Amino acid sequence: RAKATRRGGHVLFETAIRQELENRLTLESELALAADRGEFELFYQPQVRLIDGSLVGAEALIRWRHPVRGYVSPAEFMPVVNTSALSERIANWVMETACRQARAWELSGNNVRVAINLSPSQLQSGDLAHSVAALLEVTGLTSSLLEIEVTEDILLHDERRVLAMFKRIQDLGVRVVFDDFGTGYASLSYLKKFPLDGLKIDRSFVFGLLANSDDAAIVGSTIGLSKQLGLTVVAEGIENRATADFLVGMGCEEGQGYFFGRPMPAEAFERQFLTAELDAVTAA
Ligand code: C2E
Ligand code: MG
Ligand code: MG
Ligand code: MG
């Protein structure tokens, strides 16, 4: 009897795996079509100086405008993209689109530092520093207006190669920052190993800041650590004024979160955060 059950479970398990694989393949081909049809968009979320709410930058976040489902969250499709043949194509599109946008804003007199999220594949294939240099050249974007966000899974790759690549990117004047700081297994050792320019405190610590003294201790220490290491620090996921004020009290200078603005299309971002000179440039 035990045997039969085990065999039955085995069949169920195989069916589940086959289903999973089919779903993935369907999603993959839908994503390839979406890329052909231009269904991807970049949204921009403001990053501000906490003390006065003034704009310092924007994080570019990908969205899939699905013809039926509407906007699909990257949490749903980026894990598939990042492990498929599409990865490089979409990563390049993100990088190029963000740089062109940042350059358009720069030309309009708005120096908005635009941050992009690096995909793991961008470290595996080719030379990232070279493509970043080429992109700056083609778009004319001032390099200090570009920032690259990396997560710990990216730093897990061949350390020496990644280290050399970051150095070359930073030599161009582009900033490299550590995203979702504190959520990985070895955040501190990466801070020691890699020449980072800044870090972003993950929103899982910021969210409970007011109610949870452990979170407050972690965030407070991370801010102190960043300062001692000479890193800039951005707190992610600020959803209300009280949290922003608390962060200011802890010495945090920059923040990002729904309280200041959700990720939004470029045009909405311009209307809300940039000066009107923009119209003149985009109309010309
Ligand atoms: P991330 O880089 O940590 O981006 C921050 C995420 O937090 C965004 O989710 C943003 O919408 C969300 N967020 C910002 N403020 C708040 C807040 O106050 N409250 C809450 N609850 N959430 C907030 P999003 O846009 O869904 O992106 C999820 C993740 O997908 C990103 O996390 C990033 O890892 C990945 N991703 C997004 N766009 C790209 C891309 O173009 N390329 C790559 N490689 N990954 C991307
Ligand atoms: Mg990010
Ligand atoms: Mg993050
Ligand atoms: Mg995240």
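Q: Which residue bridges the magnesium ion (ligand 2) and the magnesium ion (ligand 3)?
A: A quick heads-up: this is a predicted model, where local features need pLDDT of at least 70, side-chain atom pairs count only at pLDDT 80 or more, and totals for chains, interfaces and linings use all residues. Residues are numbered from 1 along each chain as its sequence is written, chains are lettered from A and ligands numbered from 1 in the order written, and side-chain values use heavy atoms, leaving out hydrogens and water. The two ions lie 3.9 Å apart, and the residue that bridges them is Asp-179.

Q: How many residues apart in sequence are the parts tied together by Glu-59 and Asp-179?
A: Donors here are N, O and S atoms within 2.8 Å of the metal (3.2 Å for Na, K and Ca), and water is not among the atoms, so sites may look incomplete. Helices (H or I, at least four residues) and strands (E, at least two) are DSSP runs, numbered from the N terminus. Glu-59 sits in strand 2 and Asp-179 in strand 6, so the pair links parts whose separation in sequence is 120 residues.

Q: What spacing in sequence do the donor residues of the magnesium ion (ligand 3) have?
A: Its protein donors are Asp-179 (OD), Asp-180 (OD), Glu-236 (OE) and Glu-236 (OE), lying 2.1 to 2.5 Å from the ion. Along the chain, the spacing of those donor residues reads D-D-x55-E.

Q: How far is a nitrogen atom of ligand 1 from an N or O atom in the side chain of Glu-239?
A: Polar contacts are the thing to look for (pairs of N or O atoms within 3.5 Å; within protein, one must be able to donate a hydrogen and the other to accept it, and residues adjacent in sequence count only if both atoms are side-chain atoms). Glu-59 has a polar side-chain atom 3.0 Å from an oxygen atom of ligand 1, and Ser-119 has one 2.8 Å from a nitrogen atom of the ligand. For Glu-239, the distance is 2.5 Å.

Q: Which strand gives the largest share of the shell around ligand 1?
A: Strand 2 (55–66), helix 2 (74–82) and strand 6 (175–181) each supply at least two residues of that shell. With 4 residues, the largest share comes from strand 2.
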